[in-house]
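Here is a short briefing for a first look. Please view the sequence and the model together.

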Amino acid sequence: MKDYVTELMAGVKAKNPAEPEFHQAVQEVVESLELVLERHPEYRKAKILERMIEPERLIMFRVPWEDDKGEIHINRGFRIEMNSAIGPYKGGLRFHRSVNLGILKFLAFEQVFKNALTTLPMGGGKGGSDFDPKGKSDNEVMRFCQSFMAELFRHIGAYTDVPAGDIGVGGREIGFLFGMYKKLRNEFTGVLTGKGLSWGGSLIRPQATGYGAVYFAAEMLKTRKEGLEGMSCLISGSGNVAQYTAEKLINVGARPLTFSDSGGYIYDEAGITAEKLSFIMDLKNVRRGRIAEYADKFKSATFTPFDPKLDYNPLWNHKAQCAFPSATQNEINGKDAANLLRNGVYVISEGANMPTTIEGVNQFLEAGILYGPGKAANAGGVATSGLEMAQNSMRISWTRDEVDSRLQTIMKAIHRACYQTAEAYGTPGNYVNGANIAGFLKVANAMMDQGVV
Ligand code: NDP
């Protein structure tokens, strides 16, 4: 089996050069699947894994737009339609200057497994652009979104491919994208999720990823008969996922201590309260300012600017019990993982996608801590997008409590599936194996049923 994995990875690297994040995401999954492929030679024979690492369709396009001064800019747009075995492609759009094909392929690949875990009928996809919304006016963002949709609209649809938000794509961007789709198609359908409440959005969708990551942490703690109350928590990022992770943590009596953006991080030894969080929400969502301002406003906090010379992130070097990485991929490296463990962190619930390097993941697994990988822990976002799709199809809106209780039920089901699968495959407590294997089995069985397509 080792030979098979080595050969498969060599093939992935040769066929997809210069895509290190994609290689990393595949490697992690393939290592978990060794046991499954040993027990089920039929999957190997049908080349299920080989098919899963090849996107069903890859769309790449030019996005020209004009800034407020009349200057023309050209960005690159992408949509990766990775796997539709169990439902329409589903996954977010990311607008960030680091976006490239390899990053979106890693995200689309992870999404396939994550969506399978949600219990809802959703395939996997991802998309976005190397457009950087930072510092752009609302009109510039609108013109960019319109140009982006002027191409994307012909590839998506409520029964084909349903994009949502991700880094750099929130309610404002989804609004502009939806407006253009509707104009071009002349139809009002649930083609995007994360919509505004008055035009088809779901209550709790903005909160869902962060709340879900906290629910997942609570479920992991329950296996040790513990709870989150009183726990000190490190959070990275200060966007959608970070904000609602903090909100739920505060609600359950835990103490968030940190927040960050690409400029650096704040550490508030007094704890981030509901009042302080509303300052952050206004700073980030309305004024679109930098997290450094938090330390000017609250004297119990210090701001540490990002230092590119460091080979570790000092945010992960504070005493705490829990960590919720909620910014971006590979933000916890081997050194950070060692620092977290040394500082007493024993619960990690990943709001971000693949925030930990393979070296870091291996340290967490060896230490036997409660480590919830992104594809399980942050699945609440896409699950609630699935609930938004269901409401759109039925043309009704559920109440906040209804959606939140469905979200909690789904997060519990995901936890149970990961926990039980890890045990069934001889690695109890290993949520990485649990998530990869449970997600794989669902998609693989659907692919077997549907023949060679
Ligand atoms: P936002 O754009 O709302 O926030 C992202 C935050 O992370 C910002 O504070 C941003 O800082 C910071 N950040 C992003 N890239 C970098 C970087 N390269 N270096 C340092 N800081 C960075 O995005 P979300 O909160 O939606 O997404 C955060 C993570 O959660 C991503 O990994 C995303 O894929 C994942 N996720 C999101 C879901 C959702 O529903 N939104 C669902 C599941 C996963 P700055 O503004 O300075 O760039």
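This is a predicted model: local features need pLDDT of at least 70, side-chain atom pairs count only at pLDDT 80 or more; totals for chains, interfaces and linings use all residues.

Residues are numbered from 1 along each chain as its sequence is written.

**Domains**
- The chain is assigned domain 1 (2-188) and domain 2 (208-372); such bounds come from an automatic or database domain assignment.
- Their C-alpha centres lie 26 Å apart.
- Ten residues from domain 1 and eight residues from domain 2 make the contact, where C-beta atoms, placed from the backbone, lie within 7 Å.
- On the domain 1 side, helix 2 (20-39) and helix 5 (101-117) each give two or more residues.
- Helix 2 gives the largest share, five residues.

**Cores**
- The largest nonpolar core has 112 residues, and A217 and C233 touch the most other members.
- A nonpolar core joins buried Ala, Val, Leu, Ile, Met, Phe, Trp, Tyr and Cys residues through C-beta atoms within 7 Å; buried means 20 or more other C-beta atoms, placed from the backbone, within 10 Å of a residue's own.
- A second, separate core of 21 residues includes F95, F148, L152 and V162.

**Sheet**
- Three strands form an open antiparallel sheet in the order 8-9-10.
- Strands (E, at least two residues) and helices (H or I, at least four) are DSSP runs, numbered from the N terminus; strands pair if DSSP finds at least two bridges between them.
- Strand 8 (258-261) and strand 10 (301-305) each have a single partner strand, so one side of each lacks a neighbour in the sheet.
- Strand 8 pairs with strand 9 (residues 264-268) over four bridges.
- S260 stands opposite Y265 in strand 9.

Notes
A residue is buried if 20 or more other C-beta atoms lie within 10 Å of its own, exposed if 12 or fewer, and partly exposed in between; C-beta atoms are placed from the backbone. Two residues are in contact if their C-beta atoms, placed from the backbone, lie within 7 Å.
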